[in-house]
Amino acid sequence: MGRFLEARLPASMGRHRIALRALTAGSEVNQLGTWFAPFTAAERRELIGRDPAPERARQLPDGTDEIDRMLRYDLASWLPDNLLERGDRMTMAASLELRPPLLDHRLVEFAFGLPSNLKVRRGVPKWLLKEVARRYLPEEIVTRRKVGFRVPLDSWFRTGLRETARDRLTGPGSFVGSVLDRHAVSRLLDRHEGGGHDEEIRIWTLLSLEVWHEVCVDGWAKEWRAA
């Protein structure tokens, strides 16, 4: 039912689609994992052509309430495996050392000792941080919506990278096309190109797998044979 409703939401409601996908994922830990996962279990089954191998059982960290458990889950997964990893790559590529001040262990320990109603209040996240910021910053800065550094993959995969993505993922020499269901991959590309669905994250994930295999498997094999 959740997938049926998700497919009928417009691409502009991307966060609503992700929320619906997560809410129908079952257990609390699966809901949190699905929020960030590019593919659901059903989508992985479609790509692989069979039931995927069972995932290692995961447990949600202990916490005082739902918000506290979610924050601890993020601290152990999304933060080191995504945000900090990306930050390290980008800053190291520019010969810079990144030191996020809000990750000082004393501040983190203090924050986890605070009650959740100081972190989220009346639907406002980071409530206490914003209240402190009001002493030093203009109101329009404190209440301004978060602005990410997004790459316009959505439009790229419908325009300039459209043929590149299709050739790399479904062409005769494609690793992804050979190990996954080529028709399922084509349907994924069709949905995105049609404009009714935003499949940029899934396409990007598959392209990353394709490039990884080209560089780290085929490339290293050629170097080993040449040596």
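Lys146 sits in the loop that runs between helix H9 (139-142) and helix H10 (153-156). In this predicted model, Lys146 has a relative accessible area of 77%. That value is over 50%, so Lys146 counts as exposed.

Lys126 is placed in the loop between S2 and helix H8 (127-133). Arg122 has a positive phi as well, of about 55 degrees, and it is not a glycine either. Arg122 lies in the loop between strand S1 (120-121) and strand S2 (124-125). With a relative accessibility of 72%, Arg122 counts as exposed.

The chain as a whole contains 14 helices and two strands. Its C-alpha trace spans about 60 × 50 × 40 Å along the principal axes. The chain has 227 residues, and buried residues make up 26% of them. The accessible surface comes to about 16,100 Å². Carbon and sulfur atoms account for 60% of that surface. Contacts also reach along the sequence. Among those between residues at least 6 apart, 51% join residues at least 24 apart.

Charge is carried by 37 positive and 33 negative side chains. The centres of the two sets lie 3 Å apart. Side chains of opposite charge can pair when their charged atoms come close. The structure holds 15 salt bridges.

One of these salt bridges joins the side chains of Arg187 and Glu46, at 3.1 Å from N to O. This pair links distant parts of the chain. Arg187 is in helix H13 (residues 182-193), while Glu46 is in helix H4 (residues 41-48). The two residues are 141 residues apart. How accessible are the partners? Arg187 is partly exposed, at 38% relative accessibility. Glu46 is partly exposed too, with a relative accessible area of 26%. Both values fall between 20% and 50%, so neither residue counts as buried or as exposed.

A second example is the salt bridge between Arg134 and Glu139. Their closest N and O atoms are 3.0 Å apart. Arg134 has a relative accessibility of 33% and counts as partly exposed. Glu139 is at 39% and is likewise partly exposed.

Is Glu199 buried or exposed? Its relative accessibility is 4%, which is under 20%, so Glu199 counts as buried. Arg191 is at 28% and counts as partly exposed. Glu43, Arg191, Glu199 and Arg202 are linked in a network of salt bridges.

Definitions and conventions:
Residues are numbered from 1 along each chain as its sequence is written. This is a predicted model: local features need pLDDT of at least 70, side-chain atom pairs count only at pLDDT 80 or more; totals for chains, interfaces and linings use all residues. Side-chain values use heavy atoms; hydrogens and water are left out. Helices (H or I, at least four residues) and strands (E, at least two) are DSSP runs, numbered from the N terminus. Buried means under 20% relative accessible area, exposed over 50%, partly exposed in between (1.4 Å probe, protein chains only). A salt bridge is a side-chain nitrogen of Lys or Arg within 4 Å of a carboxyl oxygen of Asp or Glu. Contact means heavy atoms within 4.5 Å. Accessible areas come from the Shrake-Rupley method with a 1.4 Å probe; for residues, only the protein chains shown count as cover. Lys and Arg count as positive and Asp and Glu as negative; His and the chain ends are not counted. The place of a charge is taken as NZ of Lys, CZ of Arg, CG of Asp or CD of Glu.
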